[in-house]
Amino acid sequence: MLTQEKQAPALPETDTMISGSQALLHALSVEGVDTIFGYPGGAIMPIYDALFDFPGNMKHVLVRHEQGGIHAGQGYARASGKVGVVFATSGPGATNLITGLADALIDSTPLVCITGQVFAHLLGTDAFQEADVIGITTPVTKWNYQVTDATEIPAVLAKAFHIASTGRPGPVLIDITKNAQLQKFAFQGYERCVHIRSYRPKPIVRKEYIERAAELINSAKKPFVLWGQGVILGSAEQEFKAFLEKSGIPAAWTIMGAGALPSDHPQNVGMLGMHGNYGPNVMTNECDVLIAIGMRFDDRVTGRLDKYAKQAKIIHLDIDPAEIDKNVKTTVPVWGDCKETLPLLTQLVEQKQHTEWLAKFREFEQKEIDAVIREELFPSSGEMTMGEVMQQLNELTNGEAIIVSDVGQHQMVACRYAKLNHTRSNITSGGLGTMGFALPAAIGAKFGAPDRTVVAVIGDGGIQMTIQELGTIMQSDVDVKIMILNNQFLGMVRQWQELFHERRYSFVDIQSPDYVQVAKGYGISGRSVNERADLTDALREMLAHPGSFLLEVMVTKENNVFPMVPQGCSVSEIRLK
Amino acid sequence: MSEQAPIEKQEYNITVYTENHVGLLNRIAMIFTRRKINIDSLNVSPSEIEGIHRFNIVINETEEVVSKIARQIEKQVEVLKVYFNTNEDVIWQEMALYKVPTDIIAEKAKVERLLRENGARAVVIRKDYTVFETTGHREETDNLIKVLQPFGLIEFVRSARIAIIKGSDGFNRKLREFERAEPGQEAIENEFLNSRDKVFTM
Ligand SMILES: Cc1ncc(C[n+]2csc(CCOP(=O)(O)OP(=O)(O)O)c2C)c(N)n1
Ligand SMILES: [Mg+2]
């Protein structure tokens, strides 16, 4: 009954008596929320009761586990650019959110999570399903707050949305005691929050730093841009492209930034980091000016820090001052929203080509193609590889799909090889590396971008962590293409055991159920392929199928992802085999 | 290229101005525990401005670590401002209370001289015990423990450190700027970046 189109509800008139739960739903509706991912329970029942006949278009998606709910919220936020909203009950409902909160915090994903809590008078009594949710979630939220009085709800919710979505975005959790959900109060209207005196999300841009940065860039012979998700979070894709095209600088991406510039842009030189491309890693230690835009020098990107870009002057554009100098000492910090700082910088940089310098990246690319890529994407014999599955998928989607990846070898392969024409098209758990992320995140992504094809690329390990969300797909009729790359191993861990633990394969041999049968049990069509000859046809069937489809591809068991910067090594020590 | 921050550990006084918010103490403490940094002293109390609290935190760390921690603290939504200073940059005090048996003290010690030499005063004198109080640096309060130990010191307590920043103009003016929707550049500017001017010796 909640799915049918209805008028957006008018706000109650001032002094109308409404419950805390109704106030909450009105807040969500003013904030433009169209989808809630949630799971009910005792302590959040008044909110669910109000939701039952709340007017308007707000959809509620009943997930199968609160972790699924929050990852769906993340997928929704990442695909749409809006705040993801998640409901959970007290105690176990709330603790099931923790992994998603940690994931959203480290990957800067805007979320507002609402948890029910026991009655205020029971707080601290070890009441049924009481957990110290504020205490537990403090280190994994940008902000959290416990509401014990309904009159606080409008202002607290306004603050929650403001904090989640501005500055460096992040997850916010509001814990509402049951009495506050039930309590009736005289509604005084809802005002969106635009300013909190102790919170300054938008720095004032300092021109002198822009000038310094431009000077450095203009005098550079071998400048190199590294970009991250900041470009996407700041909706600065156009500004970024304009900067690159004027300055002529080659640019490489972190997995969180993938897609902000189309894969086939001539200045896009590829992926950074442990399993990134050869050229960008080597050139990090060759360039003379490194321009980092909206990225945070994660250790998976930098490798050994004391041998990272030591020869280069570093310009770092970031909205979060705590990131500047955190891992890599900056020569010129450009603190600000890159949507603002990039155009200022573009104005001051000289129009250039850097043809020779760019050609060097292409030389390295050729080496990588010869040593790794050709065999991975176009193997002529032997068992199927993950790379060729991605390659075939690219041909069929032509780079138009949203790719949601889980964590492991298949994630690295998906990020390396997926063709992305558009921003907000690569959704993956970057900072936390959360197995089980992809299936629920893909569900959320489809709600966030209903017009786009969503393909979840998942390992045989990760799918079994949140496989219960097939039930959500069944019930909510979400169109998600589920692609399991089955290597019959916890492949990434096996790769490390092979390379660094003398092939002692300790508990990485994981068995799978018959996925096609499992999908069938949920009313989802599926297919499993073993033979190269069937691959294209199976992918076609998956993409053409009306509604969800599960495709299992049996790939070679003991393939390794290369290139690789082994842990503790410098980026220039990247290995091709 | 840039001026190197001193790499030795030393005592730093971190001053934090915050909103009065439940749970904020936890949020700030976690920034230290997560990095396995011990807080040597912590004082939280209302500041001179209504509704604003002031934290004084003492840790023993390198400047690099302290500056990163300061930024992490300032990043918290309810934190208004963070400063960090070496001991030379602050005036600081700790208060201590000492409980001793009155009979022994009265009989054996030259109480007057003892108090005068240690800048202490008696807060309570009862038949059974006497409580002295002194304020000062750690060595000074420690000193009196040593002096009173032979006289049967019963109980001792020391407060957290409080510190005034020598070079500070106070917080009132800054707060008024924060309250404006569009604060002026000076007020919202990040001190850590300001001090970066030095690094531009390219
Ligand atoms: C929740 C969680 N537990 C454990 C890990 C450690 N881990 C990283 S990759 C990986 C193996 C993943 O196996 P699979 O899903 O089959 O993907 P593959 O590497 O084989 O492609 C494991 C166990 C993790 N990242 N997340
Ligand atoms: Mg696997």
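Are A:Asp460 and A:Asn487 buried or exposed? Both are buried (under 20% relative accessible area, with exposed meaning over 50% and partly exposed in between; 1.4 Å probe, protein chains only).

1. **Basis.** This is a predicted model, where local features need pLDDT of at least 70, side-chain atom pairs count only at pLDDT 80 or more, and totals for chains, interfaces and linings use all residues. Residues are numbered from 1 along each chain as its sequence is written, chains are lettered from A and ligands numbered from 1 in the order written, and side-chain values use heavy atoms, with hydrogens and water left out.

2. **Metal site.** Ligand 2 is a magnesium ion. Its donors are A:Asp460 (OD), A:Asn487 (OD1) and A:Phe489 (O), at 2.0 to 2.1 Å. Donors here are N, O and S atoms within 2.8 Å of the metal (3.2 Å for Na, K and Ca); water is not among the atoms, so sites may look incomplete. The donor spacing in sequence reads D-x26-N-x1-F.

3. A:Asp460 sits in the loop between strand 17 (454-459) and helix 19 (470-476) of chain A, and A:Asn487 in the loop between strand 18 (481-486) and helix 20 of chain A, so the pair ties together parts 27 residues apart in sequence. Helices (H or I, at least four residues) and strands (E, at least two) are DSSP runs, numbered from the N terminus.

4. **Ligand 1 shell.** The shell holds 18 residues, counted when a heavy atom lies within 4 Å. A:Gln409, A:His410, A:Gly433, A:Gly462 and A:Gly491 come nearest. By class, 8 are nonpolar, 9 polar and 1 charged; Gly counts as polar. Helix 17 (409-417) and helix 20 (491-500) of chain A each supply at least two shell residues. Helix 20 gives the most, with 3.

5. The side chain of A:His410 places an N or O atom 2.8 Å from a ligand oxygen. A backbone N or O atom of A:Gly433 is 2.8 Å from a ligand nitrogen. For A:Phe489, a backbone N or O atom is 3.0 Å from a ligand oxygen. Alone, ligand 1 exposes 580 Å², and the protein buries 77% of that (Shrake-Rupley method, 1.4 Å probe).

6. **Annotated spans.** UniProt, in an unreviewed entry, lists residues 406-553 of chain A as "domain: Thiamine pyrophosphate enzyme TPP-binding". That span is 39% helix and 17% strand, with end C-alpha atoms 15 Å apart. Such annotations may be inferred rather than shown by experiment.

How values were computed: Polar contact = N/O pair within 3.5 Å; in protein donor to acceptor, adjacent residues only side chain to side chain.
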